[in-house]
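Here's a quick briefing to read with the model open beside you. Let's go through the charged pairs, a pocket, the cores and a couple of helices.

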Amino acid sequence: MEQDEKYMRMCFALAKRGKNKVAPNPMVGCVVLNKSGDIISKGYHKQYGANHAERDALLKLKNNEAQGGTLYVNLEPCSHYGKTPPCVDLIIERKLSRVVMGMKDVNPLVDGITKLKQAGIQVDFALQKEAEFLNRVFIKNMTQKLPYVVLKTAVTLDGKIAAKTGNSKWITSEKARDEVYKMRKDFDCIMTSSNTIIADNPKMEHKFKCILDKDLRTDKNAQIYKQGKIYIATKNNTPVINGQLDIKSVLSDLYNMGIYSVFIECGGTLAGAVLKENLADEIYQFIAPKILNDNSGLSCFNGDCIDKISDAKTFEIYSLRQIGTDILVKLKRIC
């Protein structure tokens, strides 16, 4: 229904207000209509431990205002006690007649749908794929017990990240680099490799950084060590497979530390390994209007040996925009 999609999109917009504040919980927004179809309340999950969106919206109303009305929420209402009471109980108590949700909760403790239906409340869905994409970080955290991984690259039109000498400053424009600084704030952790630190000596300012340095080759006076909390993955604390650190094991360790999203900035070796092992959920690729025109240049992905194009990794472009003189392409992995 067109009306359901309209109000669900409103829920999405409300949910996004909780971005970077609610992890490990999902982002959730709620819109409540009375039996006449008028909006009478809105709510969203403001921060971890605070009221869920449904409770935030319904507690603004008097007991009978929502009776016979419709509640829109982008995630199945919870049915268990956590930091707050079950939202489904309050929905039933306020005598809503219909609940429209974006997606079923992947948390196995939640079964709000059954409880709603048992109470005689109609349950419908709207914009399920969009709802799942909005909470893609939460879904991966809950179902795989791993952080969500975004791999960022910056390349020339011919896919190079540096000349054969290693020189790489600067491929992209200042505006593109400023955008990267903003992106970092959306993630719990930045990951990079010892190769990148040795080659570029980057600052990568962030509250938490993970460095893959199997043999402890990096200089502790490097700029990256001067700020933020640092976790160094080495052969002493991480399994080694085929001479390289097991990146999935590192990600698992990070998840157990409370890291729910990781932004990887690195060279072709680590990027290639992440791609080969299907560990990147998304790729943010900045493309500069420059052509190196030299196959000796360093490629942004260098981790596999492929004979057929049909064996290439396939992603789906979901965003494309110009930033300064460059193009930013955002891609999500096709499972």
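How many salt bridges does the structure hold? The structure holds 17 of them, where a salt bridge is a side-chain nitrogen of Lys or Arg within 4 Å of a carboxyl oxygen of Asp or Glu. Bear in mind that this is a predicted model, where local features need pLDDT of at least 70, side-chain atom pairs count only at pLDDT 80 or more, and totals for chains, interfaces and linings use all residues. Residues are numbered from 1 along each chain as its sequence is written, and side-chain values use heavy atoms, with hydrogens and water left out.

**Overall layout**

- The protein chain has 10 helices and 17 strands; these are DSSP runs numbered from the N terminus, helices being H or I with at least four residues and strands being E with at least two.
- Its C-alpha atoms fill a box of roughly 70 × 40 × 40 Å along the principal axes.
- Of the 335 residues in the chain, 49% are buried (buried means under 20% relative accessible area, exposed over 50%, partly exposed in between, with a 1.4 Å probe and protein chains only).
- Take the contacts with a separation of 6 or more: 65% of them are between residues 24 or more positions apart, a contact being heavy atoms within 4.5 Å.

**Salt bridges worth a click**

- Lys115 pairs with Asp89, and their closest N and O atoms are 2.8 Å apart. That pair links distant parts of the chain, with Lys115 in helix α4 (residues 112-118) and Asp89 in helix α3 (residues 87-93), 26 residues apart.
- Glu282 and Arg136 meet in a salt bridge at 2.5 Å, N to O.
- Glu282 counts as buried because its relative accessibility is 1%, while Arg136, at 22%, counts as partly exposed.
- Glu179 bridges to Arg321, with 2.7 Å between the closest N and O atoms. Glu179 sits in helix α7 (residues 174-184) and Arg321 in strand β16 (residues 315-323), so the bridge ties together parts 142 residues apart in sequence.
- Glu179 is buried at 15% relative accessible area, and Arg321 is partly exposed at 36%.
- There's also a network of salt bridges that links Asp4, Arg98 and Asp124.

**The second largest pocket**

- Its volume is about 910 Å³. On a 1 Å grid over the protein atoms alone, a pocket is an open set of points where a 1.4 Å probe fits, with protein on both sides within 12 Å along at least five of seven lines, and lining residues have an atom within 4 Å of a point. The volume is the space filled by probe spheres set on the points, which are joined across faces, edges and corners.
- The lining has 36 residues, and the closest to the pocket's centre are Lys19, Met27, Leu134, Arg136 and Val137.
- Elements that give two or more residues to the lining are α5 (128-134), α6, β6 (148-155), α7 and β14. The largest share, four residues, comes from α6.
- By class, the lining has 17 nonpolar, six polar and 13 charged residues (Ala, Val, Leu, Ile, Met, Phe, Trp, Tyr, Cys and Pro count as nonpolar, Asp, Glu, Lys and Arg as charged, and the others, Gly among them, as polar).

**Nonpolar cores**

- The largest nonpolar core has 41 residues, and those with the most contacts inside it are Val32, Leu58 and Leu71. A core is a set of buried Ala, Val, Leu, Ile, Met, Phe, Trp, Tyr and Cys residues joined through side-chain atoms within 4.5 Å.
- Helix α1 (residues 2-15) gives the largest share of this core, six residues.
- Leaving aside neighbours within four places in sequence, the contacts of Val32 include Ile39, Leu58, Leu61, Leu71 and Leu96.
- Apart from that core lies another, of 30 residues, among them Cys189, Leu212, Cys266 and Ala271.

- Helix α10 (residues 268-276) is mostly covered, with seven of its nine residues buried. Among them are Leu270, Ala271, Val274 and Leu275.
- After α10 comes Asn278, with a positive phi near 55°.
- In α6, Phe138, Ile139, Lys140 and Asn141 are buried. The buried residues of α6 pack against α5, β6 and α9 (247-256).
- Lys145 follows α6, and its phi is positive, near 55°.
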